[in-house]
Amino acid sequence: MRTRKNLIKASAIVGYVSSFMYILLTACYFALSNSIYWLFLVLAAITLYNSLYSSCIRRNLDDEKLEGKLKTKFLVNTIISIVSPISLILNLTAYLWKKEDRFIEVANPEFKIEVKEKKEKKFFKKANFVLTVAGLVAIIAGSFSANIAETSSYSVKVRDFTLTKEMTEQYNAGEANKLNGKNYVIENDCLTYGVTEFKPKNATQSNPLPVIFVMPGFTRTKATMAQYAIELSRRGAVVFVIDPGCQGSTTYAGYTETETGEKEQVSATVGANGLDYLVQYVFNNTDEFTYIDRENFGAVGHSAGGGNVGQLAQDFAGNSYEESIIKAVYLSGYIKNSLANRFKSLRCNAAMSYAYYDEGAFRYQSDVSSFELVAKRFVNEINGKDLGIGEAIIDYEYGSMSDGTYRVVHREQTNHCFEMYDTLSISNTINFFRRTLNLNTNLSDSNHTWMFKEGSNGIALVGAFVFIISLMSLLIDTVPLFKSFKVAREVSANYEFEQKVKYGTLPTNDPSKLAKKRFIDKVVFWSVTALSAIIACLDYIPLARLSMELFPDAAGNTYTFFFPARMMNAVMLWAVVNGTIGFILVFGVKAIENLVYKLTNHPEYISWYRFKQMKINWKDLLLTLGLVIGLFLVFYGLDHLMYAIFHQDFRFMLISAAPLQPRYIVTWLIYLIPFFIFYLSNSVRVNLSVATEGWSETKTYIASAIFNSIGLAFIIVINYVCYFKTGTVFYGYYSPKDTSEMWLYINMVFGIIPMMFVLPIINRFAYKKSGNVYLGALLTVMIFIMMSLSASVSYIPM
Amino acid sequence: MKIKKLLVIPLMLFSLSGCSLAKGLEKNVNVVFEYKGEILSSGTVNQFKNILAPSLTDAQIPVNCEFFGWTWYNPNAVDITAENFDEKYIEPDGLVRYDILKDYVEGETITLRPLFFNEADIPVPEYYIAIGWYAKTSTSGLSEEKINAWVEDLKAFLLTQGATQEDLNNIKITPYVGDVATSGSQVSKDRYNDILLGWGGNLTSTGGVTTLDHIGGIDMSGKSRYISRLTDKEIAIKVFKWLQTDEGNQAFR
């Protein structure tokens with residue numbers, strides 16, 4: 001019978017859960033700026049330490065009966081567990097339990113570790129090989145399947161092209177090429193736009209099809225708008241998706257000379273962020289685009305892209321619906337006054353949508369800027385007049401499609417960054433263009449296939465990581481060059497095995513090896529873990545604000561080689577600070593612990609393992625670097641190969657490994673070292689701290705993943721608890737006095753959390769294979785940072 | 001181990017249910033705009049959704065009264081001179097936000113009633129000097145840049161007339177838009193202006209503004225426009241005279 005021990009164990013588990021719930025409450029009340037959160041934080045700490053102490057007492061029951069000092073300690077701990085009532089009941093029951101537990105020896109003299117002699121499997125049956133092949137199959141199958149979805153079963157031809165100055169000079173310049181009196185010619189050779197065209201195969205000279213231009217928002221690339229392109233092209237529209245300035249495959253806009261001879265930057269968003277150039281080029285290029293209906297041009301954009309298509313529609317409006325080049329425009333997720341001031345100049349049918357839970361709405365809560373006012377202006381300010389029809393009714397259709405006065409306002413129940421993935425939002429867009437541009441389709445508006453592409457790309461993304469990690473493992477296991485890795489991993493595996501034996505995770509036949517994890521050890525470990533998570537949660541936004549000060553050029557959208565990725569600068573500062581704190585905590589705390597053990601005469605607890613394992617000789621370091629560079633090239637080589645064959649890269653929604661671009665390779669080199677601090681720190685923490693706790697491997701993996709991502713996850717919790725309770729995000733403006741907008745930095749966190757969750761898992765796996773902490777850190781920093789950068793914006797002058 | 005695995009399912013479901021919590025947290029408030037005991041319009045507000053307050057037609061506003069907006073207090077008990085007066089009503093066409101009303105709702109509905117004040121009861125704000133300008137640039141020739149430059153000249157002039165820094169901080173500059181009738185009507189409603197800039201001769205007739213001095217021929221971006229004095233405050237008389245000098249109106253040219 002082990003009833004008492006089981007009761008205490010149950011009490012401890014309930015205590016851990018309660019502690020987490022208290023932390024959650026702390027975050028909630030913190031989010032609501034209610035200072036009672038301190039109380040919950042204290043309760044969380046008490047519950048955590050109470051449960052840790054329960055665990056220690058439980059371990060002591062292996063050797064002792066519940067009497068004397070142990071009984072008193074348990075009674076005190078039971079009383080303290082009142083902060084977690086269920087734990088209190090369980091502890092009390094354990095305390096009052098009459099029957100003594102049967103004494104159980106953890107060290108069993110009879111026990112023998114049976115080392116099963118594993119038969120050497122054939123190469124092609126080894127897990128590494130099987131997973132490598134499986135990863136490759138997933139990549140190919142996922143990319144192929146995504147290609148089918150993207151091309152709507154090959155009924156749409158998808159191709160990329162680059163819009164250059166030369167092309168616009170040929171088709172956009174000169175009096176004859178003017179559209180409504182305007183020419184849009186790219187000013188500098190350095191500015192080129194990445195464009196993807198989705199052309200239905202039934203688009204011919206005799207069957208010209210309507211054209212729709214799609215514009216992503218700030219920090220997004222054209223690939224993130226593929227869902228619009230897929231759904232519209234399969235309904236018979238020729239779709240062009242463009243990368244905005246300094247994003248994706250579009251370069252910087254260069255400089256111009258002022259009248260006084262000074263060099264002045266050409267805005268990254270020049271020419272409606274490239275759309276003006278593209279629309280005029282496509283319209284005038286009758287040599288190539290023979291299959292388009294020039295009477296039916298439309299445009300849709302999300303977020304800043306919504307602002308861009310609004311400008312586009314105004315730029316090409318002319319004086320009437322007949323003159324307007326853009327016949328239909330869909331403005332999504334953008335309600336700034338700068339856009340509203342264009343409404344009266346539009347001469348085309350228009351729709352507007354703004355997510356019901358748009359996090360940026362806190363900026364528009366005044367009489368002159370609210371969504372309600374902008375929507376009212378949208379349906380009232382028609383052809384330069386004010387119709388005076390009052391407040392806009394959501395989903396109500398105003399005006400007439402035949403004369404370009406049609407207006408409709410939507411509010412889908414989604415948030416800002418997922419609005420473009422919201423099925424209703426996409427259906428509304430389809431509905432609008434189907435009717436205003438007369439798309440010839442029998443498909444219902446809600447018939448969507450884009451998610452198959454998204455899912456398939458996701459499979460390829462997972463496959464790519466499985467492939468690369470298995471390949472790494474396979475190479476280390478089979479290539480003689482990596483023999484030293486095998487030796488190093490034996491050392492670390494032995495140490496970790498000893499720790500597991502020592503702390504009772506594994507049985508042993510040598511009682512002298514048994515040790516009890518002391519309460520103080522647990523307190524130190526969990527306090528350090530909690531502290532690092534709390535710091536990671538609280539310092540992100542202040543550091544994002546600091547990034548605006550430290551990198552003013554990037555923050556001001558000015559071209560620069562000095563850390564040019566505006567949004568990533570915030571993440572980089574966070575990584576540097578938290579990586580450094582991680583090092584300090586892992587090594588500093590261990591050094592202090594050792595000193596305390598020495599002073600208190602406990603030499604058996606002193607361990608320098610953490611420090612020793614950081615050592616690496618030059619040969620191994622070069623080998624590690626070589627292996628990592630090779631794996632990186634294979635990863636991106638495959639990415640390029642899949643893009644070349646299937647027009648697919650590895651991605652899932654906001655997480656993506658876009659094909660390499662020179663401008664992003666240079667940007668990447670700038671960011672690698674600062675980020676490496678964090679990635680190495682994580683590898684050290686996972687492998688030299690968490691993994692030496694004596695836990696099972698599964699627990700090590702899960703705990704490390706949670707420890708590394710929970711701080712960021714709580715940023716989301718704090719932000720959205722406040723948002724759903726009050727209607728205003730916690731991280732909107734930096735402070736009441738400092739109105740720097742921080743809410744977009746929270747959007748970045750959505751993409752980072754999955755990476756932070758996976759990071760320690762890869763770090764751990766790489767360490768188990770190589771015995772060095774650098775391999776995983778280098779591999780992950782190279783791939784993850786390239787992925788993050790190429791999915792964001794970089795104001796590098798390239 | 002099986003139990004642990006089974007626990008994962010409800011935990012995941014619990015996490016997912018968090019998404020639907022957002023909807024549950026919404027606190028809808030029905031807002032009813034009541035005019036003369038009848039419902040004029042209504043709408044629903046919550047943390048994520050606002051509505052616009054309706055406006056009233058001239059015919060709906062009692063004679064010699066000004067319509068300030070909509071209040072959730074007893075309109076008869078609202079004191080226009082109270083320090084927090086601005087927090088007690090929402091202007092016509094203004095934004096009705098959940099945040100404003102949440103503390104006053106009993107049940108799920110709140111009724112807003114029009115807030116009228118007799119024009120004679122509306123206190124006129126006191127400024128060291130108040131200048132109104134016609135912001136219809138195409139007509140008046142005045143722009144924000146020109147007015148800003150002129151205000152700098154004005155401040156320099158006022159300093160020579162013994163104005164203190166406190167006085168300079170208490171200068172009111174108001175742009176007026178719309179046609180002459182609309183802008184003139186707004187000027188009359190505001191009642192605090194000492195001097196007007198940039199209107200034409202029809203300010204008094206079409207605009208309905210009563211002036212003490214009304215002088216034309218002032219060059220404003222090449223247009224011949226009027227300046228008008230509405231009060232006989234000593235400083236207003238001095239400024240009006242100064243406005244007729246080259247030094248006083250050079251910023252308008």
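What is the volume of the second largest pocket? In this predicted model, the second largest pocket has a volume of about 1500 Å³. Its lining is made up of 36 residues, and those closest to its centre are B:Glu66, B:Glu91, B:Gln186, B:Lys189 and B:Asp190. Sorted by class, the lining of this pocket holds 17 nonpolar residues, eight polar ones and eleven charged ones. Helix 6 of chain B gives the most to the lining, with six residues. Both this helix, which spans 180-190, and strand 4 of chain B, which spans 65-71, supply at least two residues of the lining.

The position of the second largest pocket follows from the domains of chain B. This chain is divided into domain 1, covering 25-121, and domain 2, covering 129-252. Both domains of chain B give residues to the lining of the second largest pocket, so the pocket lies between them. Taken over C-alpha atoms, the centres of domain 1 and domain 2 of chain B are separated by 34 Å.

Turning to chain B as a whole, its secondary structure consists of eight helices and eleven strands. The radius of gyration of chain B is 26 Å, which is well over the 18 Å given by the globule rule for 253 residues, so chain B is more spread out than a compact globule. Along the principal axes, the C-alpha atoms of chain B fill a box of roughly 95 × 50 × 35 Å. Of the 253 residues in chain B, 42% are buried. As for confidence, chain B has a mean pLDDT of 89, and 91% of its residues reach 70 or more. The model itself scores ipTM 0.79 and pTM 0.85.

Chain A comes next, with 25 helices and 15 strands. The radius of gyration of chain A is 31 Å, close to the 28 Å that the globule rule gives for 798 residues, so chain A is as compact as a globular protein of that length. The C-alpha atoms of chain A fill a box of roughly 95 × 60 × 60 Å along the principal axes. Buried residues account for 58% of the 798 residues of chain A.

Helix 9 of chain A, at residues 275-284, gives a clear view of burial within this chain. Ten of the ten residues of helix 9 are buried, so this helix is largely enclosed by the rest of the structure.

A:Ala272 is found in helix 8, at residues 270-273 of chain A, and its phi is near 50°, a positive value in a residue other than glycine. With a relative accessible area of 0%, A:Ala272 is buried. A:Ser152 has a positive phi of about 50° although it is not a glycine. The setting of A:Ser152 is the loop between helix 5 (127-150) and strand 1 (156-163) of chain A. The relative accessibility of A:Ser152 is 14%, so this residue counts as buried, the cut-off being under 20%.

A:Arg407 lies in strand 13 of chain A, at residues 407-410. A:Arg407 counts as buried at 1% relative accessibility. Although it is a charged residue by class, A:Arg407 thus falls under the 20% limit for burial. A separation of 62 Å is found between the C-alpha atoms of A:Arg407 and A:Leu52, which are 355 residues apart along the chain. A:Val596, in turn, has its place in helix 19 of chain A, at residues 566-599. At 41% relative accessibility, A:Val596 counts as partly exposed. The C-alpha atoms of A:Val596 and A:Ile606 are separated by 9.0 Å, and these two residues are ten residues apart along the chain.

Notes:
Residues numbered from 1 in each chain as written. Chains lettered and ligands numbered in written order. Predicted model: local features only at pLDDT ≥ 70, side-chain atom pairs only at ≥ 80, totals over all residues. Heavy atoms only, no water. 1 Å grid on protein atoms, 1.4 Å probe; cavity = no way out; pocket = protein on both sides within 12 Å on 5 of 7 lines; lining within 4 Å. Points joined across faces, edges and corners; volume = space filled by probe spheres on them. Helix = DSSP H or I, 4+ residues; strand = E, 2+ residues; numbered from the N terminus. Domains from an automatic or database assignment. pLDDT = per-residue confidence, 0-100. Buried < 20%, exposed > 50% of the residue type's maximum accessible area, 1.4 Å probe, protein only. Rg over C-alpha atoms; globule rule 2.2 N^0.38 Å.
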